[in-house]
Amino acid sequence: MTGVRVLIADDQQLLRASFAVLIGTTPGLEVVGEAGNGLQAVEQATTLRPDVVLMDIRMPELDGIEATRRICGEPATAGVRVLILTTFDLDAYVFSALRAGASGFLLKDTPPGDLLSAIRVVAGGEALLAPSVTRRLIGEFARQPQPRQRSARSLNGITAREREVLKLIGQGLSNTEITEHLIVSMATVKTHIGQLLAKLHARDRAQLVIAAYESGLVTVG
């Protein structure tokens, strides 16, 4: 079975080299390329089609947010997952990165083992949204204007049970917590989440959190 193919995008050569050694020497992971700026990241993502792009936010030529938006927005690279890695733990970055299509957000002081686990999680199609990230995302929505009436239409076709699941996802609950709350099996929860992803045209759980708030299904406070 082919391992997870990773593209490293960071403008600091020493960091790229460190990540390359860490990832390249881990069974099941493979570094397929490195990029020193956002434009190179987009070009290499298009050419190499990695499973995951480890993306820095602050880079020359094109920042990581715009690079993420281009990669996730193009049909040719729609299957590429982006994991944001940065030294800047700021609300605006979290919100912008997730809105751009990123599947996860980690700080550069994340322990090596956690970084490797995050790459596997994102490659598997899951979102890496720790409770702290969800709280920051909620905080950002608290500063946004109230949802417009168009939001009610955005949940057309979503069943009552799927709305319950979406609301719990928006509140930051894990799959395990959702099973306990609704008293259903894990398989049932995963089925509902799969239906939500398909119906809402969402890439992953991060996008479902955003949908829960933009639709007005979940409100801050």
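Mentor: Terms first: helices (H or I, at least four residues) and strands (E, at least two) are DSSP runs, numbered from the N terminus. The model is predicted, so local features need pLDDT of at least 70 and side-chain atom pairs count only at pLDDT 80 or more, while totals for chains, interfaces and linings use all residues. Residues are numbered from 1 along each chain as its sequence is written, and side-chain values use heavy atoms, with hydrogens and water left out.

Start with Thr 191, which sits in helix H10. Its relative accessibility is 48%, so Thr 191 counts as partly exposed. The classes are buried (under 20% relative accessible area), exposed (over 50%) and partly exposed (in between), with a 1.4 Å probe and protein chains only. Glu 162 lies 29 residues from Thr 191 along the chain, yet their C-alpha atoms are separated by 9.6 Å.

H8 spans residues 160-170 and H10 spans residues 186-199. Their axes come within 10 Å and cross at roughly 90°. Axes here are lines fitted to C-alpha atoms, for helices over the stretch in contact, and angles run from 0 to 180 degrees between N-to-C directions. H8 and H10 are therefore roughly perpendicular to each other. The angle classes are roughly parallel (under 35 degrees), roughly antiparallel (over 145), roughly perpendicular (65 to 115) and oblique (the rest).

Which residues make the contact of H8 and H10? H8 contributes Arg 161, Glu 162, Val 165, Leu 166 and Ile 169. H10 contributes His 192, Ile 193, Gln 195, Leu 196 and Lys 199. Contact means heavy atoms within 4.5 Å. By type, the residues of this contact divide into 5 nonpolar, 2 polar and 3 charged. Nonpolar covers Ala, Val, Leu, Ile, Met, Phe, Trp, Tyr, Cys and Pro; charged covers Asp, Glu, Lys and Arg; the others, Gly among them, are polar.

Now the helix between them in sequence. H9 runs over residues 175-182, with Asn 175, Ile 178, Thr 179 and Leu 182 buried. These residues cover an arc of only 100° around the axis, which puts them on the same side of H9. The arc is that of the directions from the helix axis to the C-beta atoms. Glu 180 and His 181 are exposed on the other side of H9. The cover over its buried residues includes H8, H10 and helix H11 (205-214).

H9 is followed by Ile 183. Ile 183 belongs to the loop between H9 and H10. Its phi is near 55°, a positive value in a residue other than glycine. Ile 183 is exposed, with a relative accessible area of 75%.

Compare the other end of the sequence. The largest nonpolar core has 22 residues, of which Ala 9, Val 53, Met 55, Ile 71, Val 82, Ile 84 and Ala 97 touch the most other members. Such a core is a set of buried Ala, Val, Leu, Ile, Met, Phe, Trp, Tyr and Cys residues joined through side-chain atoms within 4.5 Å. Strands E1 (4-9), E3 (52-55) and E4 (81-86) and helices H2 (38-48), H3 (64-73) and H4 (91-100) each supply at least two of its residues. H3 gives the largest share of this core, 4 residues. A second, separate core of 20 residues includes Val 165, Leu 182, Tyr 213 and Val 218. Val 165 is also part of the contact between H8 and H10, and Leu 182 is among the buried residues of H9.

Gly 38, Ala 41, Val 42 and Ala 45 are the buried residues of H2. Their arc around the axis is only 95°, which puts them on the same side of H2. Exposed Glu 43 and Thr 47 are carried on the face of H2 turned away from that side. Covering its buried residues are, among others, E1, strand E2 (29-35), E3 and H3.

Arg 49 lies in the loop between H2 and E3. Its phi is near 50°, again positive in a residue other than glycine. At 44% relative accessibility, Arg 49 counts as partly exposed.

Last, the whole chain. There are 11 helices and 5 strands. Of the 221 residues, 47% count as buried.
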